[in-house]
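Hello,

Here is the structure I said I would pass on. My notes on it follow below.

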Amino acid sequence: MWIEHRSLFLEELLRMEGQGGLQEVPCSDCGGSSPEFKCEDCFEIDLRCSSCITAAHQRHPLHRLQKWNGNYFERATLKSLGLRIQLGHTFGQKCPNPRRAFNDNFVVMDSYGIHEVLLDFCDCVEAESHTQQLLRIAWFPSTTADPKTTATFRLLEEFHLLSFESKVSAYEFYSALVRRTNNTGLAPVKDRYESFMRMIREWRHLKMLKHSGRGHHPNGVDATEEGDCAVLCPACPHPGKNLPDDWEKVPRAKSWIYALFLAIDANFRLKRKIVSSNTTDPSLSRGWAYFVEEGAYKELLAEKVDVLQEKSTCSSHNAVNMADTKTSRGLATTDLGTIDCARHNMKRPNAVGDLQKGEKYVNMDYLFFSTLRHTSLQTLNVSYDITCQWHKKLWQRMTAFPILMHFDFVSKVIDFFVPKFHLPAHIEKCQTTFSFNFKRGVGCTDGEAPERGWANINPVASSTKEMGPGARRDTLDDFFGDWNWKKVVGLGTIMLRKMKEALPERTNQQIALNDLEEGLKEDYGGVLDQWRTQVEAWEDDPRQPNPFERNADVITLASVRLALAKEDEAEIQSGSCLALHEDCSPSVLISLGLELEEQQRRLRADKAACGLHATDTQQGKLVEWSNSLQRRIEAWVKIQALYMPNISALQLSDQATSTNMTSVPSSETFKLWLPSQIGRSAPCDERLQWTEWRLRYAQGHDALRSLRSSLHAQTAVLKYKDRNLRGQGANTRARNTLKTIDTRIEAAASRYEGAHKALVILGGLLAETGWQSSLRPLNRQDIRSMSDLLWGESEGRRKLSWIWNMRGAGGSEKDDTGGLEDMRIEWCKARARAMRWGEEVELLQEEMRRILAFLMWEAARWDERQDSVIPTSLEHQDGCVAYAKRQAFLRRELAASFEARWAETLAQPDNINDID
């Protein structure tokens, strides 16, 4: 629609370049002829003479003027018209003793541009200082010694908020301001960039002090202690602020409700170059907010500079193993370490510090113990992506820290975790020992809070890396404070969303657990109590056997690939390696071939599922997948030719016998000619045949495990559907779930059949026997759950399908109680899911209560500050009282808003009966 009116808009823009029909109109104020001036920033568009427009702008000295020169409008200034700005007196009052600014040329930076003005200070006997006179009109002086440059509060506030939201740098903002002043370069603007940098840094600092109530402290700003200016998380437990008076007396079984969740992480983007020094560029605060106090921090690091980092015994954590070797050339700071609130993603006081050479324990330990000084809670849940290694000698390392940082860990309950996203990178033992999913009392916390916060702060790295140490810390402190405040005002929405997700999920997971237990009771009811006893013993004492871990070695495709890789490594070291390709050994070639075969199988299944009426989007995704697979196959075939040179003849022979000589095989039908597909039709290296046999054997077991798992899920859904679901909508959703499970069953069966077919061929070639007892031919009637009956079978004559009797379902993998290990682990996980969601609802209820209590505590604190300030004047007292009242009102309004928003949802948990 706008396109139709485009010309109209353009016409009006061009019309404003001229006099706009005011050629013969007299001055709008005095009626004089030939007015020449108009203002770009006033609301009305009219022409005035020089004296009238000057008089009209006594209250608007920073507006931009234009003058008609007979042909077009050109820029004019109020300074050129003689407008003088008088400070220290009310408007219209003449100063008997004015004093002109330095060189009678004063620079003011404002949202409209950079202005040169004529300014007079008041130099009367009782006049305030020049700095105060500027501040009284909301102009921020660049220096307190004979200032000649200022920025308006409006400009500083504009950049302050814009930097938070868009991460624009001071240089970019200042450059835009210069261009708004003059975009041609013909009239150079006086350079005030350094002044602007200094003013915005001071502005950030003053805003932090003001918001934290330091201006109301009777002992002044100098009485500020470490962490006093941090915005605290209202949802976290704070004794004396938002916890009941008897919180310490709560039974041990319920103590987890008052636990503090901490998340540790480092950011490798927030570097700083070697620019300036702490002596030349000190911070304006001394650990008053989120950064630790730099002096004590650097002093301790200097003492530990020669301490070597202990290497990781888990996966190859670069953060640990490379901390002593990480390059720091040209950098004063390589990373930034933080301790966050793990559930609400807020920075904690005195929990941020620079890292000089990677993520070393001594740095992270200091930050950890530093922020713990601000809490007296009894239960801590600590999350760190390398916690499996970091926590081992933590308390031993603590003894080397100052006594004020020592933490009474003996009387506390402290659990360590690995964030959920990072957990799969750890070894299997870590995945069960440090999982948020399995430990009691943590709800659905994932521990990934710092990672979400980095996305907000990372764009600032491009500007902070060029700053001096003090400026960088002050800037990042300010950004962290704004991040926390945005989180606070957003808690109403965030907590409501989480509760709406947790309530139905709690019910669904409890129903799923009950349904699983009902299914297990039929055959394994006797071991359920033993499983429950075992898992509860582990929850109470992690030194007990972990029920989530397997007790027996399981043949998997991954384990065989690892074994083959180790064999390749041994051959390389012994010099007997016969690899024909530098990046691909024979075992890797066959392993990649099996992966390509699986991709072909999945692509065929997806194409079949789309049917004849696939959407353009579906077809596009399938074509992209097919093209990607084709490229991978072509690359693999080139390497295959090195190890299997007879393949070319087989491919030509196959094409010659093809019914369609002109068609090119698609990626999902392309024959890979693995050793099992060649058979006896052509010579093949026996080593390749043995490699494929081992991988196929593991693939068969993997496929059977997947098949059994899907059959378990199918049985559970069917029982739940029959017993509980009524109505078309509920049954339709259940059928969709069953359809998804059926697809997984078909995929597992197809994968097993392919593996078994290959094993039959390779077993004959290699004279391998004995494997048929565990990997039998799979018929359709074999694919059934434990309790399914074949046609004509009765319960008394029911026989299990062979898939439940082989290794992985029974036999050698049965535990001491006779229960199936896979079933035990699945039941433990189902129980853990139900418990975590139940805990999540309880935690969210408690956090909502704590948020409201904390806001009311803060409101009361601001009420107290009205009387605590020691004013220097009545005006100062009036401002302090007004600000304290506004802040108290704001907290009460936030609390009332949250409570009203949550009221309907908070009434639900008590009305929803827990399913036992």
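A residue is called buried when its relative accessible area is under 20%, exposed when it is over 50%, and partly exposed in between (1.4 Å probe, protein chains only). The model is predicted, so local features need pLDDT of at least 70 and side-chain atom pairs count only at pLDDT 80 or more, while totals for chains, interfaces and linings use all residues. Residues are numbered from 1 along each chain as its sequence is written, and side-chain values use heavy atoms, with hydrogens and water left out.

Helices (H or I, at least four residues) and strands (E, at least two) are DSSP runs, numbered from the N terminus.

Helix H7 covers residues 294-303, and its buried residues are Glu294, Tyr297, Leu300 and Leu301. They line one face of the helix, because seen down the axis of H7 they fall within an arc of 140° (the arc of the directions from the helix axis to the C-beta atoms). Glu299, Ala302 and Glu303 are exposed on the other side of H7. The buried residues pack against strand S14 (346-355) and helices H9 (361-372) and H15 (469-489), where contact means heavy atoms within 4.5 Å.

Most residues other than glycine have a negative phi. Asparagine 345, however, has a positive phi near 60°. Asparagine 345 sits in the loop between strand S13 (335-341) and S14, and counts as buried at 6% relative accessibility.

Tryptophan 673 is not a glycine either, and its phi is positive at about 55°. Its place is the loop between helix H20 (647-656) and helix H21 (675-678). Tryptophan 673 is buried, with a relative accessible area of 6%.

Regards
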